[in-house]
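Good morning, and thank you for coming. Please look at the structure on the screen while I take you through some of its features.

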There are 2 protein chains.
Amino acid sequence: MRGDVITDGDSERLARAALSRAVGSDKPGISVEVAHRGAAAVWADLRHRHPDVDPEDDLRLLARLGGRIVCPGDSEWPDALDVLGRMSAATQAEPGEPLALWVHGSGNLGQLCERAVAVVGSRAATAYGTTVAADLASGLADRGWTVVSGAAFGIDAAAHRGALAAGGPTIAVLAGGVDVAYPRAHADLLGRIRENGLLLSEAPPGSLPYRGRFLTRNRIIAGLTRGTVLVEAGHRSGALNTARHARGLGRVVMAVPGPVTSALSVGCHRLLRTHREQTVLVTDAAEVCEEIGVIGELAGYSPAPTGLRDGLSELVRRLLDVMPARASVGAAVLAERVGERPQTVQALMGPLVAEGLVELRADGYRLTALGRAPSATNGS
Amino acid sequence: MRGDVITDGDSERLARAALSRAVGSDKPGISVEVAHRGAAAVWADLRHRHPDVDPEDDLRLLARLGGRIVCPGDSEWPDALDVLGRMSAATQAEPGEPLALWVHGSGNLGQLCERAVAVVGSRAATAYGTTVAADLASGLADRGWTVVSGAAFGIDAAAHRGALAAGGPTIAVLAGGVDVAYPRAHADLLGRIRENGLLLSEAPPGSLPYRGRFLTRNRIIAGLTRGTVLVEAGHRSGALNTARHARGLGRVVMAVPGPVTSALSVGCHRLLRTHREQTVLVTDAAEVCEEIGVIGELAGYSPAPTGLRDGLSELVRRLLDVMPARASVGAAVLAERVGERPQTVQALMGPLVAEGLVELRADGYRLTALGRAPSATNGS
């Protein structure tokens with residue numbers, strides 16, 4: 001919790017806090033510039049234009065509430081978010097890795113995100129949707145997964161409540177500051193999430209949420225998690241935006257179907273129809289775990305290492321076999337090498353990256369040190 | 001209707017009728033043997049074992065009822081079934097092409113099957129399922145498609161009724177003889193299907209349905225149609241068997257989702273999940289047409305078949321999909337259906353009318369026979 005103490009060595013951290021207040025952590029290009037030049041240098045160029053920005057004050061305010069700031073490189077920083085930085089470095093048109101995350105709650109962000117799954121959906125959910133979302137979240141919490149959502153009305157709230165009901169931790173990624181109860185009717189719910197998990201935001205304390213931030217916030221929900229489950233989504237639901245981010249990051253995208261007579265399932269059905277290869281239909285927590293858990297369950301929990309090879313799918317083993325350790329190659333090349341479709345290969349990359357066996361570089365994928373270790377692929 | 005008249009030249013036809021009575025048209029290997037040696041030769045070897053089989057009597061009985069027998073090679077024989085023969089020749093373990101189809105009704109089998117789609121599902125359907133099946137079938141009939149199903153309780157009956165309600169023809173493929181009203185409660189429905197389409201079976205008149213025949217019958221439902229839509233199916237629904245046949249025959253397999261809380265949608269969801277690449281989620285008739293119709297609709301109109309798919313715009317294809325074959329609708333309604341401005345749609349109508357695909361009536365536009373014709377879909 002380095003954010004509690006401000007020292008001279010924290011100038012990078014202070015500059016990140018200042019920049020997230022002054023220009024916004026979700027400004028396209030800012031995180032790439034900071035990665036190249038360092039936050040202090042970028043802030044030094046800009047601070048004269050923002051005389052009223054006082055990052056020490058922000059950090060003090062948050063610390064007084066019991067919160068903290070978490071920056072890239074901190075032990076608590078979730079590795080899963082690194083992909084946002086690499087994606088942004090490639091395009092620069094989209095918001096990249098957050099400059100910092102303002103965090104409030106009892107959980108350790110990095111640990112909670114080691115096994116995290118997003119459950120999102122429409123605000124105007126039906127009773128069917130909220131029931132399914134709550135059941136799903138409870139089942140995921142029971143299986144040791146952290147449920148991540150956006151604390152909005154409808155599906156989001158049901159997901160948080162389901163996780164809490166099962167005694168599991170849950171993370172709310174907010175569009176405004178972590179000290180701003182929004183929506184106001186969720187003040188109690190936000191309090192319980194804080195006590196049993198985390199509230200987090202890339203917006204500094206006191207920030208009010210606005211439309212643009214709801215959308216850029218969605219990339220963090222997708223980025224923190226191994227997969228995103230869409231429970232109910234209307235024709236133009238913002239939850240579809242989260243699913244799009246997850247797909248773009250190579251994470252698993254899942255959707256729960258509903259009655260075709262319900263306008264609130266239209267978005268889920270369209271996703272399953274038009275992005276068939278990259279969207280999996282799921283109906284319960286066990287099926288979600290099947291999609292996001294396989295590789296992890298194998299690597300982490302197998303008591304008998306020899307079982308690993310049996311558990312890892314044949315395709316995953318072949319993929320690891322043809323993946324270079326020094327150069328990087330794209331999913332299309334890998335697909336050709338294993339004789340599968342690019343979409344199929346792409347869908348496996350998210351879990352492999354999340355598991356730490358593969359890393360995404362600017363020009364493609366390559367094996368990590370862990371992925372090169374024989375134990376990763378042959379159980380020795 | 002050659003079955004009405006029995007001459008010496010009908011010995012092959014008589015032998016097929018005899019064999020379907022004596023050994024069963026769905027006996028694995030029989031159709032391959034008949035294809036190789038001829039039905040008369042096969043029957044000559046077997047007839048001493050079946051002294052009570054009298055095919056002339058069967059044909060006379062059926063003719064008296066107004067029915068007929070249709071055999072491979074007859075003008076009315078649906079080409080789509082040929083694939084069953086080829087599949088069977090390869091494996092010999094499964095029932096192959098029917099030896100003959102016993103047919104009763106007003107429609108021409110070959111013509112009706114040029115644009116046919118199967119709508120099948122559980123007997124123990126819910127109100128949701130029967131409503132969706134009926135709407136789907138009506139929408140398909142409106143677009144000039146023949147709805148094929150199995151006349152069972154639940155989804156099958158709803159599909160036939162939906163097609164009939166829209167004034168479209170429908171085909172019931174029965175497990176027993178076409179003169180056996182099964183289920184008995186469907187006697188009236190079967191009568192209406194006969195008047196507005198066809199009852200057909202590979203079992204000779206008077207045959208009672210039994211379990212094995214329900215399953216082998218499913219290959220005919222799948223074989224007659226360009227695609228199979230599964231509306232509701234429980235864990236072990238027989239409709240899943242039809243879907244399996246359709247997949248095996250390379251036809252389009254579609255499934256309608258439902259609430260994940262419904263046991264009657266479990267089969268549909270499992271299919272969408274476990275056979276993701278070969279199963280398309282559909283929610284209405286327009287989406288079904290998109291899967292089974294689009295590519296074909298294009299092929300027929302191009303002077304240069306290869307260029308056609310690229311040439312016809314996506315919007316034109318959608319327009320043809322939402323245009324009714326029987327009623328007429330105005331450009332404004334069409335515009336709403338495809339989500340475009342009336343002016344945009346209006347501008348496309350001239351060329352479509354000029355091509356003869358659409359005709360302008362007093363009260364709007366509708367598809368022409370050419371627009372509906374199979375040649376519009378496969379370029380033949």
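I shall speak about helix packing, then the contact between the chains, and finally some backbone features. Please keep in mind that this is a predicted model.

Let me begin with helices. Two packed helices are described by the angle between their axes and by the distance between those axes. In chain A, helix α1, residues 11-22, packs against helix α4, residues 55-65, at an angle of about 95°, and their axes are 8 Å apart. Angles from 65 to 115 degrees count as roughly perpendicular, and therefore α1(A) is roughly perpendicular to α4(A). From α1(A), the residues L14(A), A17(A), A18(A) and R21(A) meet P55(A), E56(A), D58(A) and L59(A) of α4(A). Sorted by class, this contact of α1(A) with α4(A) has 5 nonpolar and 3 charged residues, and no polar ones.

Now consider chain B. Here helix α10, residues 211-224, and helix α11, residues 239-248, pack at an angle of about 50°, with axes 8 Å apart. That angle makes α10(B) oblique to α11(B). The crossing of these helices, α10(B) and α11(B), is right-handed. On the α10(B) side, the contact is made by L215(B), N218(B), R219(B), I221(B) and A222(B), and on the α11(B) side by N241(B), T242(B), H245(B) and A246(B). The classes in the contact of α10(B) with α11(B) are 4 nonpolar, 4 polar and 1 charged.

How do the chains meet? In this model, 15 residues of chain A are in contact with 14 residues of chain B. On the side of chain A that touches chain B, α7 (127-142), α12 (266-274) and β9 (279-281) each supply at least two residues. Which element gives the most to that side of chain A? It is α12(A), with 3 residues. By class, that side of chain A has 9 nonpolar, 3 polar and 3 charged residues.

Most residues other than glycine have a negative phi, and most peptide bonds are trans. A151(A), which is not a glycine, has a positive phi of about 65°. This residue, A151(A), lies in the loop between β4 (146-149) and α8 (155-165) of chain A. Is A151(A) buried or exposed? A151(A) counts as buried because it has 22 C-beta neighbours inside 10 Å, and a residue is buried at 20 or more.

In chain A, the peptide bond from Y182(A) to P183(A) is cis, with omega near -5°. P183(A) is found in the loop between β5 (170-173) and α9 (187-196) of chain A. In chain B, a cis peptide bond joins Y182(B) and P183(B), with omega about -5°.

Thank you for your attention.

Terms used. Residues are numbered from 1 along each chain as its sequence is written. Chains are lettered from A and ligands numbered from 1 in the order in which they are written. This is a predicted model: local features need pLDDT of at least 70, side-chain atom pairs count only at pLDDT 80 or more; totals for chains, interfaces and linings use all residues. Axes are lines fitted to C-alpha atoms, for helices over the stretch in contact, and angles run from 0 to 180 degrees between N-to-C directions. Helices (H or I, at least four residues) and strands (E, at least two) are DSSP runs, numbered from the N terminus. Angles under 35 degrees count as roughly parallel, over 145 as roughly antiparallel, 65 to 115 as roughly perpendicular and the rest as oblique. A crossing is left-handed if the near helix is turned anticlockwise from the far one by less than a right angle, and right-handed if clockwise. Two residues are in contact if their C-beta atoms, placed from the backbone, lie within 7 Å. Ala, Val, Leu, Ile, Met, Phe, Trp, Tyr, Cys and Pro count as nonpolar, Asp, Glu, Lys and Arg as charged, and the others, Gly among them, as polar. A residue is buried if 20 or more other C-beta atoms lie within 10 Å of its own, exposed if 12 or fewer, and partly exposed in between; C-beta atoms are placed from the backbone.
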